[in-house]
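Student: Could you show me how to read a few features of a structure? I would like the general idea and then the actual case.

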Amino acid sequence: MSMPAPDSHPPDVPILRAAGLVKQFTGRRVVDGVDLQCRAGQVLGLLGANGAGKTTTLRLCAGFLQPDAGTIHVAGIDRRADPEAAARRVSVCTQDDTFDSDFTVRGNLEQMSRYFHPRPPAVKERIAALLERFGLDRYADAKPDILSGGYRRRLMLARALIHEPHLLFLDEPTTGLDPQARLEVWELIDALRRDGLALVLTTHYMDEAERLADELLILREGQGVAAGSSRAVLGDLVGEHVLVLDARNPAAETVRTWARQAGLPEPTRVLSTLHLALDGPGLARFSARFGDLRFEVRPPTLDDLFLKLAEKS
Amino acid sequence: MTFPPHYRAAVQWQSRAVLGRHLTVYRRNWHTAVLPPLLEPIILLLAFGVGLGGFIPDFAWRGRPVAYLAYLAPGMLAYTAFMTAFFQALFAAYIRMHYQKTWEGQLITQVRLEHVIWGEVFWAATLGTVYALIVILVLAGFSLAGWLHLHWAGVVLVVPLLFLAALAFATLGLLFTALVPSIDHMNIPFFLVIMPLGFASSTYFPLEGDSPWTQAWLILNPLHHLAEGIRFLLLAGEWNSHLLAACGLFVLMIGVLIPLDERLLRRRVLGEG
């Protein structure tokens, strides 16, 4: 079963459009002028180290929090002017399990539908379809407490879709799941993208962001520092190549000094290896200077980016 | 006239949806949930009203000789509405907020925090009133048995008054839900609020005294006015100023505590403010 397409929305207009978002807590700017957009059928990955402002940005866009400045439009609706209409088009799959443990799996979907107005049409049929799509039909009359981690996530996703939202926020959707369950959740998310939902994803798993996100927004200290495809973002923030050498090699210190003198970013130490991000000419200069040193060159990954962001914050 | 958003939320559909959620859960478990509120007044009336009352043959209330069982009955009604609403809004709401994450699950929908708060307050007040109605049924049984003589016409006024009281005490309970650092600190509101407010309030024994402290306490304690107001209605069949004082204090509590609860819970639940 595929989900019914959200009601008509011009395809060239982003479902989510946020501009100049600012949020302060106790005088500190946690979100500081963030802009973001997400279109139908697109997954936008929000990445950043702890405290970068990902969760607060998500909570602002999802309507949990009011921004101190900036605008948020959901499917063309100004969130501040008509929060109820905007909330009708949005859903959130929270990191924690926030299903209602006093209800069965089916009861959770029924109860969730009562928190929306107007209530979703043909709700019984929709619940049956969601239970089937997420493989929950055999647990329909059981309490969610008995479900495994993967099936709890499925219930969270099914609950989030009960009112046919245009935009779904996924906050760390696979944290704590085993590899098999993660893969299954990824497939479900991918199917939602194909159905035309706009999805905003925050995650700590770089492989997850790499596989799922069409575009990335990198946050550091509450500000967007890069946006675009993962290749573009990596090129902007990390470099074209990552050079890996043995950190125990006596020459490692010489490499550090060389990098410093060349105005390159400080190499990152990961266990017993030293990682140095370089562009093409930089790699050529390194090879000329350290030709007799054993090293590997690989393309940059989001892990490199994450380490770099974590180091700076 | 437009009401501020804190109060406008009381009549919006989202608050009814939250209340409906609590009713649905309770309806499923009513047969086990109803036993304690049914048995407790029977036991208390037998133990204190009949048992202890048997040792107080010359009990008097405001100069009128009354059986201690009759004195106790209105006090129990007031105490039940107070205790049930306060306990629900404090303990049960805290569990839903902190452990079950029911609130967070509601807040990702069109329901906002002010609706969650009103839903909790209405639910606590509904339960407080229903439990008080159960006490009324038990009192009716005692009346039919010829052990208790009350002016039953007064019940028509007593029930809405108890609902208003329960609403006010629920807003007080939610205040502590917002303030207690953890569930281990729940005994603080119990000892600081429930015990002094509940017992020094003419519910189980007459509280009198000429000292300014006692007088101030009696003027400000809404439970005292509630218990005495109901007592005048059910024992003497008389309208009295305690009813007005109780209503005034309850409206004041709701008016002040709802915005305060919302502000503190916004900080606690959403990290805002």
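Student: Is the crossing of H2(B) and H6(B) left-handed or right-handed?

Tutor: Some ground rules before that: this is a predicted model, where local features need pLDDT of at least 70, side-chain atom pairs count only at pLDDT 80 or more, and totals for chains, interfaces and linings use all residues. Residues are numbered from 1 along each chain as its sequence is written, chains are lettered from A and ligands numbered from 1 in written order, and side-chain values use heavy atoms, without hydrogens and water. A crossing is left-handed if the near helix is turned anticlockwise from the far one by less than a right angle, and right-handed if clockwise. The crossing of H2(B) and H6(B) is right-handed.

Student: At roughly what angle do the axes of H2(B) and H6(B) cross?

Tutor: Helices are DSSP runs (H or I, at least four residues; strands are E, at least two), numbered from the N terminus. Axes are lines fitted to C-alpha atoms, for helices over the stretch in contact, with angles from 0 to 180 degrees between N-to-C directions. Here H2 (residues 13–33) and H6 (residues 113–144) of chain B cross at roughly 35°, their axes coming within 8 Å. Contact means heavy atoms within 4.5 Å; among the residues that meet are Leu19(B) and Tyr26(B) from H2(B), and Glu120(B) and Trp123(B) from H6(B).

Student: Is Trp103(B) buried or exposed?

Tutor: Buried means under 20% relative accessible area, exposed over 50%, and partly exposed in between (1.4 Å probe, protein chains only). Trp103(B) counts as buried because its relative accessibility is 0%. This residue lies in helix H5 (residues 102–107) of chain B. Beyond four places in sequence, Trp103(B) touches residues including Met97(B), Val116(B), Glu120(B) and Leu265(B).

Student: What joins the side chains of Trp103(B) and Glu120(B)?

Tutor: A polar contact is a pair of N or O atoms within 3.5 Å; within protein, one must be able to donate a hydrogen and the other to accept it, and residues adjacent in sequence count only if both atoms are side-chain atoms. The side chains of Trp103(B) and Glu120(B) form one at 3.0 Å.

Student: Over in chain A, where is Asp304(A) found?

Tutor: Asp304(A) is in helix H11 (residues 302–312) of chain A. The residue is buried because its relative accessible area is 10%. A polar atom of the Asp304(A) side chain lies 2.8 Å from the backbone nitrogen of Thr301(A).
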